[in-house]
Amino acid sequence: MAGEVQSWVLMATARAPTNIALIKYWGKRDEALILPTNDSISVTLDPDHLSATTTVAVSPSFKQDRMWLNGKEISLSGGRYQNCLREIRKRAGDVEDEKKGVRIKKEDWEKLHLHIASYNNFPTAAGLASSAAGFACLVFTLAKLMNVKEENGDLSAIARQGSGSACRSMYGGFVKWTMGNDADGSDSIAVQLASNTHWDDLVIIVAVVSSKQKETSSTTGMRGSVETSPLLQYRAKTVVPSRVLQMEEAIKSCDFASLVGLTCADSNQFHAVCLDTSPPIFYMNDTSRRIISLVERWNRSEVSPQVAYTFDAGPNAVLIAPNRKVAGLLLQRLLFQFPPLPDNELASYILGDKSILREAGLQSMKDVEDLPPPAEIKDKAPFQKFPGDVSYFICTRLGSGPRLLTEENQALISSETGHPK
Ligand code: ADE
């Protein structure tokens with residue numbers, strides 16, 4: 001009998017981006033289905049710099065569903081993973097691989113087990129929405145392997161059940177998550193507002209801010225805000241609907257000044273809701289607030305705003321500049337106030353698109369040490385520097401949505417062993 005065991009392994013590999021909300025999602029009206037209290041709008045970040053890659057393999061020799069994240073086995077028993085697996089299996093189609101001589105009928109998927117390996121190309125613990133990229137990638141890859149015919153709109157509703165903001169990572173560019181009205185959540189989906197080529201001058205700099213403190217998880221924080229914050233109710237009903245319309249208009253017309261005003265105001269209101277929660281939640285720290293002051297002071301010293309800032313449920317800053325030239329000026333200001341620690345190298349302090357360093361005229365640590373104070377603070381009292389308060393910066397841009405990786409060497413699972421490589 002042992003010699004007759006079928007030993008084929010079929011698999012699919014894909015990569016999906018992370019995203020950052022410009023109009024924030026904060027509050028669920030249904031915890032089980034992950035339905036939000038308001039619409040939200042995000043930008044998708046370049047997957048070359050911030051993404052998840054996932055391989056899903058199927059074989060009759062697999063005894064149970066298993067998953068490895070960044071090389072370590074994790075449990076799939078949580079409701080979020082189970083929701084995604086169940087919803088995709090329900091929609092699975094017939095699959096045929098002629099080369100391998102394999103035919104899987106749609107009803108077979110319920111009996112077949114999966115091995116899943118996923119890898120994030122950025123630190124999972126850095127508070128950079130890894131679960132958004134992770135669940136978008138999982139759902140997209142499962143759907144490809146199982147020949148699910150649904151449009152991405154429907155897939156986004158499945159990704160949403162893994163992690164709310166994952167639905168927005170199903171598209172590139174600018175994306176809106178419409179809150180929907182249906183009780184079953186079928187109309188709570190993501191739609192693309194504009195692709196990443198629509199406004200491709202934008203540069204995004206992420207400041208990964210050192211934080212020793214354990215933050216309140218988004219799920220716990222949101223629940224607290226829904227239960228106790230009167231400001232959340234006002235925000236969801238009165239503020240966000242008109243802000244979403246204005247943001248859609250700003251995106252359509254590439255109106256940077258409006259994008260800055262709306263993005264900064266919405267980030268600040270989200271953190272005000274956190275403070276309005278009982279007990280209050282603090283996601284930003286002193287470094288976050290110093291970055292806000294740096295940007296606000298600069299924006300106010302110019303005729304029109306130079307840079308937008310936004311902060312999610314953690315201390316990291318996401319900064320948006322209108323083009324590479326302004327991004328270079330921003331990097332000068334950031335490195336003047338937050339230089340690396342003395343033994344750090346510039347190349348390991350600026351990740352992603354390092355060419356912005358050239359734009360900033362910075363080739364070495366000596367150039368950073370020699371940076372003059374920015375013009376807008378020249379006449380003020382000596383300016384304090386905070387070496388080491390930022391762990392590193394990631395320079396990136398808008399990116400595209402999930403895509404299949406078809407090269408054999410891009411798979412994270414060995415087709416021979418069915419286990420992570
Ligand atoms: N959570 C964080 N990263 C993830 C990933 N790559 N896949 C699934 N869940 C995740």
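Author: The side chains of Ser59 and Ser61 are joined by a polar contact of 2.8 Å. A polar contact here is a pair of N or O atoms within 3.5 Å; within protein, one must be able to donate a hydrogen and the other to accept it, and residues adjacent in sequence count only if both atoms are side-chain atoms. The model is predicted, so local features need pLDDT of at least 70 and side-chain atom pairs count only at pLDDT 80 or more, while totals for chains, interfaces and linings use all residues. Residues are numbered from 1 along each chain as its sequence is written, and side-chain values use heavy atoms, with hydrogens and water left out.

Ser59 belongs to strand β6, residues 51-59. Strands (E, at least two residues) and helices (H or I, at least four) are DSSP runs numbered from the N terminus. With a relative accessible area of 1%, Ser59 is buried; buried means under 20%, exposed over 50% and partly exposed in between, with a 1.4 Å probe and protein chains only. Its side chain also reaches the backbone oxygen of Trp8 at 2.8 Å. Apart from neighbours within four places in sequence, Ser59 is in contact with Trp8, Val9, Leu112 and His113, where contact means heavy atoms within 4.5 Å.

Asn38 can be read in the same terms. Asn38 sits in the loop between β4 and β5 (40-44), and at 2% relative accessibility Asn38 counts as buried. The side chain of Asn38 reaches the backbone oxygen of Lys24 at 3.1 Å, and a polar contact of 3.4 Å joins the side chains of Asn38 and Thr37. Leaving out neighbours within four places in sequence, the contacts of Asn38 are Lys24, Tyr25, Trp26, Met179, Ala236 and Val240.

The C-alpha atom of Gly173 is 5.7 Å from that of Ala194, although the two residues are 21 places apart along the chain. Not counting residues up to four places away, Gly173 touches Ser42, Val43, Thr44, Gln192, Ala194, Ser195, Asn196, Leu398 and Gly399.

Next, the ligand. A side-chain N or O atom of Tyr81 is 2.8 Å from a nitrogen atom of the ligand. For Ser118, a distance of 2.8 Å separates a side-chain N or O atom from a ligand nitrogen, and a polar side-chain atom of Asn120 also lies 2.8 Å from a nitrogen of the ligand. On its own the ligand has 270 Å² of accessible area, of which the protein covers 93%; such areas come from the Shrake-Rupley method with a 1.4 Å probe, and for residues only the protein chains shown count as cover.

Side chains of opposite charge can pair when their charged atoms come close. A salt bridge is a side-chain nitrogen of Lys or Arg within 4 Å of a carboxyl oxygen of Asp or Glu, and by this rule there are 20 salt bridges. Arg223 forms one with Glu31, the closest N and O atoms being 3.0 Å apart. This pair links distant parts of the chain, 192 residues apart: Arg223 is in helix α4 (residues 218-228) and Glu31 in the loop between β3 (28-30) and β4 (35-36). Arg223 is partly exposed at 35% relative accessibility, and Glu31 is partly exposed at 39%.

Glu296 and Arg300 form a salt bridge at 2.5 Å between the closest N and O atoms. Both lie in helix α7 (residues 286-301), 4 residues apart, which means that about one helical turn separates them.

The side chains of Arg324 and Asp353 meet in a salt bridge of 3.4 Å, N to O. Arg324 lies in helix α8 (residues 324-337) and Asp353 in the loop between β17 (350-352) and α10 (355-359), so the pair ties together parts 29 residues apart in sequence. Arg324 is partly exposed at 32%, whereas Asp353 is buried at 16%. Arg324 and Asp353 belong to a network of salt bridges that also links Asp46, Glu359 and Arg397.
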